[in-house]
Amino acid sequence: MAFPHLQQPSFLLASLKADAINKPFAQRCQDLVKVIEDFPAKELHAIFPWLVESIFGSLDGVLIGWNLRSLQGRVSPVEYSIAMEFLDPGGPMMKLVYKLQAEDYKFDFPVSYLPGPVKASIQEHVVPDSPLYHNKVQFPPTGGLGLNLALNPFEYYMFFFALSLITQKPLPGALHVRTSDCAYFILVDRYLSWFLPTEGSVLPPLSSSPGGPSPSPAPRTPAMPFASYGLHHTSLLKRHISHQSSVNADPASHEIWRSETLLQVFVEMWLHHYSLEMYQKMQSPHAKESFTPTEEHVLVVRLLIKHLHAFSNSLKPEQVSPSAHSHATSPLEEFKRAAVPRFVQQKLYLFLQHCFGHWPLDASFRAVLEMWLSYLQPWRYAPEKQPQGSDGQARCVSERWAPFVQENLLLYTKLFVGFLSRALRTDLVSPKNALMVFRVAKVFAQPNLAEMIQKGEQLFLEPELVIAHRQHRLFSAPTLTGSFLSSWPPAVTDTSFKVKSHVYSLEGQDCKYTPMFGPEVRTLVLRLAQLITQAKQTAKSISDQCGESTASRPFLSWLGFCLSDTNSSYPANDLDDMGQDSIRKTDEYLEKALEYLCQMFRLSEAQLAQLTLAMGTTQDENGKKQLPDCIVGEDGLILTPLGRYQIINGLRKFDIEYQGDSELQPIRSYEIASLVRLLFRLSSTINHRFAGQMRALCSRADFLGSFCRYHLMEPGLTDKHLLSPVGQGRVASRAQGPRLSLRFLGSYRTLLSLLLAFFVASLLRIGPLPFALLLVLGYFLYAAAMTLLTEQGKLHQL
């Protein structure tokens, strides 16, 4: 792409827009690389907003941009490779960002597209507690409407990149795309690895001019007075430099602002959709959801959490201890210590609380669950791996992690209670739901973890040793929001204060804390343990019924000559979907989950047996399960909450079976509708014309009469009862006489079986007529044997 040396920015932008329509993707990217290399920042700043929007899409979701969330290397290898190279942290696009950064250009970003709590706060003239928004709010000249943030190029680029995860709706064809294979997910990982390195220092920006690396953004004067809620946070870099001038010689200290900005942007755009006030309002059952995250959103947040743990754990052991908080630490080391507690903890807690309370009760909750469990286990991402037990047991959680557990107490305890509430409302017979219960139980049952949680609860519940009103004033401030260079409190009261401060900052000072190992939660755990036991019994009964139905199925039923059992307790499709392997997995997951829960909460076998008996899992005198718990109302039975719970989890059910004429059943999906109707008319004509003869044959006492009764009388029809769970069953008022049923010939399975049988006969060089005679003869022999067995069974019943 050749441009004149002296070219107006407006013409440059118009040329690029025209190329975006007329040129292929690869050629457009090559042209952009040349433009970024050849043109000065004064001309490039005019195309920067358009270029960012053309890549990540518009904030209103109308323009999809490069569709990074669906772009995969195995599907579109050329486009994927070009896009990843262009957007790489060391690629041309970031070089453009640094080129504009050196000139201190600012770009307007509309406040209306920020997360709900941030937007509401700024519109009320209250600056959010994140340093990301300080000194950036700009009013239009007319005032009132159209608030904007004045962002530097790096901030502007990262705002668009982070928000594209939320604003851009996936294309219909991208519903089955694996998130971890997409360009967007991999770019997030690359940006995190580049700007939050686990080894070494943050790489300086590429030199975009002979003047060297671009400087950190200069502080701006406030555009308007704001009343800030919480403490006024300053940049980690600015605070560090103001206290320590000796570090200025370190080039990395001038680049921490990029790491801090990246983390703040990701956390604000992905997690800050719920404030503490909004969370408290959302506890009402009538509250409307303001923002609903997607599964892809949750997977990206989990990637962020895993990398932050690795980033924070990359501190050397001597840098982690409180004594290491001295003026000799570098900005990067200080940032590693502050990243999770200061920027992530509160917003992640509210995000998880919303997901636990509003996510559908289906298997997609697994993404939220794994994100939560990843945050709870920072030791999994530590460089040193703890040795596993000699007997193959789980690793013991080191006491080194006790401060993390205590300072994140609510994320362990309250969210565990929230998970219990979900588990008590799900179908534990489902392997996916059973797996989630197993995963949580396994994580919390890690050796020494329960003890550390109990210690944290004791620290929170112990009496306050300082004046109440002064202590509450301290508690109202979020943890670690003051200067990170301030002296540490005495070790005796510091731990208790941190736990109390954590709880009060996340739940408010008037919160009612429910201990995880208290009697209320223990009751919930006992209920869950009882339900696990019942779910195992239900899975076993499904497995037994599936095995019995397979073993007792006659040989010729596979050829379609027997009607399917329409009154089975479990639908055939459910059995097919479940399968023996899935039932086995369910039993394994539930068995281990029950073992872990008993280990954590010290449950005895006697307690489980007593609860199982109290919840009514005993069988009635006929060996069948009892009806779901219900009361009798004016219009019949009314399920109680316990009864609804029993039905949802498959613990009890009403025995529902088809009571009408089998010939008049609705046409099934495995039947040919037109053929079934034709066969019904044919059999009705035969039954009407030869009713007397069939009745006479069936009334005979010899073998012929038994043979005819076997084929023309529906078994058990004369003594069938119309069942009702309210009153006693009454005998069917209308009895059917002998009749011929040809409906089985309308089944796809029957016709396919006959077709396959004739095909095999042709391979054996048996003609159609001889084979048909052999088939009829074989069936008559089978029917004669079944007739004799049926008559002998009736004699034994007498």
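Welcome! In this predicted model, 45% of the protein's 798 residues are buried.

**Exercise 1. Getting an overview**

Find how many helices and strands the protein has, and what share of its contacts between residues at least 6 apart in sequence join residues at least 24 apart.

*Solution.* Begin with the secondary structure: the protein has 31 helices and seven strands. Next, take the contacts between residues at least 6 apart in sequence; 78% of these join residues at least 24 apart.

**Exercise 2. A helix pair**

Work out how α18 and α19 are oriented to each other, and which residues make their contact.

*Solution.* Two packed helices are described by the angle between their axes and the distance between the axes. Here, helix α18 (residues 409–423) packs on helix α19 (residues 431–444) at about 155°, and their axes are 11 Å apart. Angles over 145 degrees count as roughly antiparallel, so α18 and α19 are roughly antiparallel to each other. The crossing of α18 past α19 is left-handed. On the α18 side, the contact is made by Tyr-412, Phe-416, Phe-419 and Ala-423, and on the α19 side by Met-436, Val-437, Val-440 and Phe-444. Sorted by class, this contact has eight nonpolar residues, no polar ones and no charged ones.

**Exercise 3. One serine**

Decide whether Ser-505 is buried or exposed, then find which backbone oxygen lies 2.9 Å from a polar atom of its side chain.

*Solution.* First locate the residue: Ser-505 sits in helix α22 (residues 491–507). Its relative accessible area is 9%. Buried means under 20%, so Ser-505 is buried. Finally, the backbone oxygen in question belongs to His-502.

Methods. Residues numbered from 1 in each chain as written. Predicted model: local features only at pLDDT ≥ 70, side-chain atom pairs only at ≥ 80, totals over all residues. Heavy atoms only, no water. Helix = DSSP H or I, 4+ residues; strand = E, 2+ residues; numbered from the N terminus. Buried < 20%, exposed > 50% of the residue type's maximum accessible area, 1.4 Å probe, protein only. Polar contact = N/O pair within 3.5 Å; in protein donor to acceptor, adjacent residues only side chain to side chain. Axes fitted to C-alpha atoms, helices over the stretch in contact; angles between N-to-C directions. Parallel < 35°, antiparallel > 145°, perpendicular 65-115°, else oblique. Left-handed = near helix turned anticlockwise from the far one by under 90°. Contact = heavy atoms within 4.5 Å. Nonpolar A, V, L, I, M, F, W, Y, C, P; charged D, E, K, R; others polar.
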